[in-house]
Amino acid sequence: MAVLPASPCRGMGSQLVGAGLTACHHTPYGVVVVLGHPHYYPRFGFVPAKPLGMVWEHDAPDEAFMVKEIQKGALARTRGVVQYRPAFATV
């Protein structure tokens, strides 16, 4: 998710995150991960992933790699190394 620097504090980022999370609820996946600002994403229910047994495949600050449960109980059975799809490597 990205918002143009000329458009901060208008709620666009919150709307995008909200729409993304709503879309995620309509998938078979139980958790959502994000690599992002550790002071922004917790307002949407994201928490650091490492204490829950999940790490990203690349080096990143622990507090920036976060997870949110979207299916009750999914975090209790989700552990391991998260690998993004290859398309993300081209960005």
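H39 is exposed, with a relative accessible area of 68%; exposed means over 50% relative accessible area, buried under 20%, and partly exposed in between (1.4 Å probe, protein chains only). H39 lies in the loop between strand β1 (31-35) and strand β2. This is a predicted model, in which local features need pLDDT of at least 70 and side-chain atom pairs count only at pLDDT 80 or more, while totals for chains, interfaces and linings use all residues. Residues are numbered from 1 along each chain as its sequence is written, and side-chain values use heavy atoms, with hydrogens and water left out.

**Overall fold**

- The protein has one helix and five strands; helices (H or I, at least four residues) and strands (E, at least two) are DSSP runs, numbered from the N terminus.
- Along the sequence, these elements follow the pattern α-β-β-β-β-β.
- The radius of gyration is 14 Å, close to the 12 Å that the globule rule gives for 91 residues, so the protein is as compact as a globular protein of that length. The radius is taken over C-alpha atoms, and the globule rule is 2.2 Å times the number of residues to the power 0.38.
- The C-alpha trace spans about 40 × 30 × 25 Å along its principal axes.
- Residues 24 or more positions apart account for 61% of the contacts with a separation of 6 or more, where contact means heavy atoms within 4.5 Å.

**Surface and charge**

- Of the 91 residues, 27% count as buried.
- The protein exposes about 6,400 Å², and carbon and sulfur atoms supply 61% of this area. Accessible areas come from the Shrake-Rupley method with a 1.4 Å probe, and for residues only the protein chains shown count as cover.
- There are 8 positive and 5 negative side chains, and the centres of the two sets lie 12 Å apart.
- In that count, Lys and Arg are positive and Asp and Glu are negative, while His and the chain ends are not counted. The place of a charge is taken as NZ of Lys, CZ of Arg, CG of Asp or CD of Glu.

**Aromatic rings**

- Rings of Phe, Tyr and Trp (its six-membered ring) pair if their centres lie within 6.5 Å; planes under 30 degrees apart count as stacked, over 60 as edge-to-face and the rest as tilted. By this rule, the protein has six aromatic pairs.
- One of them joins Y40 and Y41, which are edge-to-face at 5.0 Å centre to centre, with 85° between the planes.
- Y41 also pairs with F46: the ring centres are 5.8 Å apart and the planes are at 85°, so this pair is edge-to-face.
- Y40, Y41, F44 and F46 form one aromatic cluster.
- Y40 and Y41 are both buried. Y41 counts as buried because its relative accessibility is 10%, and F46 counts as buried because its relative accessibility is 4%.

**Loop residues**

- A49 sits in the loop between β2 (47-48) and β3 (54-56). With a relative accessible area of 0%, A49 is buried.
- Leaving aside neighbours within four places in sequence, A49 is in contact with M54, F65, M66 and V67.
- A49 and A64 are 15 residues apart along the chain, and their C-alpha atoms are separated by 8.8 Å.
- P61 is in the loop between β3 and β4 (65-69). Its relative accessible area is 47%, so P61 is partly exposed.
- P61 and A19 are 42 residues apart in sequence and 26 Å apart in space, C-alpha to C-alpha.
- H39 and V81 are 42 residues apart in sequence and 23 Å apart in space, C-alpha to C-alpha.

**Strand β5**

- G80 belongs to strand β5 (residues 80-82). At 30% relative accessibility, G80 counts as partly exposed.
- G80 touches G53, M54 and V55, not counting residues up to four places away in sequence.
- G80 and L52 are 28 residues apart in sequence, and in space they are 9.4 Å apart, C-alpha to C-alpha.
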